[in-house]
Amino acid sequence: MRHLIPRLNLHTAYGRFTVAVLTSSLIGAGTLWAVARPPSDNKEVATATKPLATRAPSHLPPDDTTQRERAVQLAKRSLTLHEENKELDNEELAEFHTLLRDNAKDPEFAAAFYHEMGAKDALRFQAQLSIDASSGDDKTRLELAQSIQKDMGLALATATDPSTGDDAPRTILRAGRTYLGKTWVDELKTVGTQPLRLGLDHAQPVGYQALASLLQNGTYDKSFLNPIAQAVVTLERKGASWPIPDPHRGSQHFGLNLTHKNTPGWDPMTGLLEAFGRSPEASTAFFNGSTGGGKSGLKLRGNLEFLTTEDNGREWLPDRTSGLTNPDEESRWPAKQALGHALESATTGRPYGDDGALRPHTREQADVFEKAVKEFGSHPDSIKHDGSLATLAPSLGNMSAEYMYDIQREFMGGSGADSYFRHAGAGANLSYKEGDALEAFLQAVAENPRAYGTVIAAQQTVTTAAIRGAIADADGRTLAGEAERAAMPGARVADCATEGQFDAIAAAGNGLQTITEYNDSLAVTDKWVGRLTAMAAIRPPATRNAASRLSAAVRAAAMRYYEEDGPAELEEVEEGKRNYVLVKRSRIARAASQAVLAAAQQEGIPAGPRTPAAGAVADVYMTVNSTLWGSVQSS
């Protein structure tokens, strides 16, 4: 703790950069971040550096040991040259890039490389290379540095993965030389709080800031990632702050993080949370964990609460390298978006951005979702369109879609709800003493158009699946009652989303544009139909054709009853919330009755005039509409 830079006043000068590489002529160039865009893959770097990359292999040692020795030699030479205000030339840097690229996923190479570099020099090399490349005007060098940062992150993930064998606490490497042990990680945690001494006056980065940029790449084991995250959270809770460049130096672009074009990486929480976003097991454990207690001098507090509450929670830092005397909210977005990615990973068991099949939720994953709904449902203003954590809403919408069976089961209530909304995996208990936390959560989330479309697609899918299971074995006398009971929870979800939609449109500077965004958000319907029907434990579609027909029916209902005509919708908003909600509730009832028709067709139940199914379609519309109308009358 004593090594970490103490809390600094953002309104005072931080000193100046003293190394020759970072001269004022470069500072004012105005072209630095224009080229700081990460390449889509290594092919781009290979193209940009072809004359260098094609020459480099002729110098490469033939075997793994000598390749690793050469990589270490180049990295240490870079540090030595930096102290003399010099640097590796681009040919040497291209050679180092090739070595890392080819060996980043080789456990023996990766572990030995980091062992021989040592935690401090590995982080110094990474930070020095990133700052120099991002502050210069050599595009080839910047692209090489971007790729090296990526491959060093992948190598660190490889080197710290205990996929085989046990750690020997007294050694740097486990027997077999393929896994960095506890001693090395302890060294890393010590270096994490120390200035890296790169030749920057007063605002030089500490180890954790450089480490976070590496963590932007790779999938990490919880045995490595979680102790690091726990240490960072503890430091922040004890009042530590992170050093930043001088905010009075004009247009500076000294980037630690070259992966994310919207953040220079001086807030280490961004990299940590992005690592959790790609490491589901670690993320679930982290958000179920806590810091403090014991002899720490801190009150025991959950990690999720610390990161999500506005009541003495985390202070989200403006992550930019100029204009910090007047920071904007946008510079805080990358870290908050990374929090959303990490929460998705923690609650779903899949890396953020994975569009594959849903997996049955574990008890631990469901626990995180329960905590998130409780926290945000109890304090919904934070995630509304103008809230401090509004950027989390798309991720919270995805999480809500994954847990839609649990959400609708909670709205139904009663001991029989499981028979309608049963699914594979552990269920989330969303019954809170706060009473309306779930409703408040859904309303706030739906103020974001992307989240709204996801929630609507998920509820229409689950509603149709629930009705299908309910009416499959019903006779003519019970069919309508079963359909009504299965349809009502989804209608309540849609009703919550409608209220959030109204609030967002009413507050928008350009209402028509916002309505268009809401309409466009419904395009995700097909994605969620297939995933959620496959997750159902009750009568999932038996064939691909059946699944395709169900998808078409859900999409038709979503587009017909939730897509809006812009000018007409805006007029309804201007007439006030009560009138708007009444009109929308009629459409919600129509969508619910359409779900009955789709379910009957899926089950091969006749739905022509005067059939029990046709009667159920009409009854569901009247029941849903009158029930939702009653909630308006009582409000």
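Okay, let's start. The model is predicted. Keep that in mind throughout.

First, the whole chain. How many helices and strands does the protein chain have? There are 27 helices and two strands. The chain has 635 residues, and 57% of them count as buried.

Now the contacts. Take contacts between residues at least 6 apart in sequence. Of these, 77% join residues at least 24 apart.

Next, the surface. The protein chain exposes about 25100 Å². Carbon and sulfur atoms supply 48% of that area.

Let's zoom in on two residues. Start with N85. Where is N85? Look at the loop between α4, residues 64–83, and α5, residues 90–103. The phi angle of N85 is near 60 degrees. That value is positive, and N85 is a residue other than glycine. Is N85 buried or partly exposed? Its relative accessible area is 43%, so N85 is partly exposed. The band for that label runs between the 20% and 50% cut-offs.

On to R197. Find α9, residues 182–192, and α10, residues 207–214. R197 is in the loop between them. Its phi is near 55 degrees. Here too, phi is positive in a residue other than glycine. Why does R197 count as exposed? Because its relative accessibility is 56%, and exposed means over 50%.

To recap the pair. N85 is in the α4 to α5 loop and is partly exposed. R197 is in the α9 to α10 loop and counts as exposed. Find both in the structure above. That's my talk.

Key: Residues are numbered from 1 along each chain as its sequence is written. This is a predicted model: local features need pLDDT of at least 70, side-chain atom pairs count only at pLDDT 80 or more; totals for chains, interfaces and linings use all residues. Side-chain values use heavy atoms; hydrogens and water are left out. Helices (H or I, at least four residues) and strands (E, at least two) are DSSP runs, numbered from the N terminus. Buried means under 20% relative accessible area, exposed over 50%, partly exposed in between (1.4 Å probe, protein chains only). Contact means heavy atoms within 4.5 Å. Accessible areas come from the Shrake-Rupley method with a 1.4 Å probe; for residues, only the protein chains shown count as cover.
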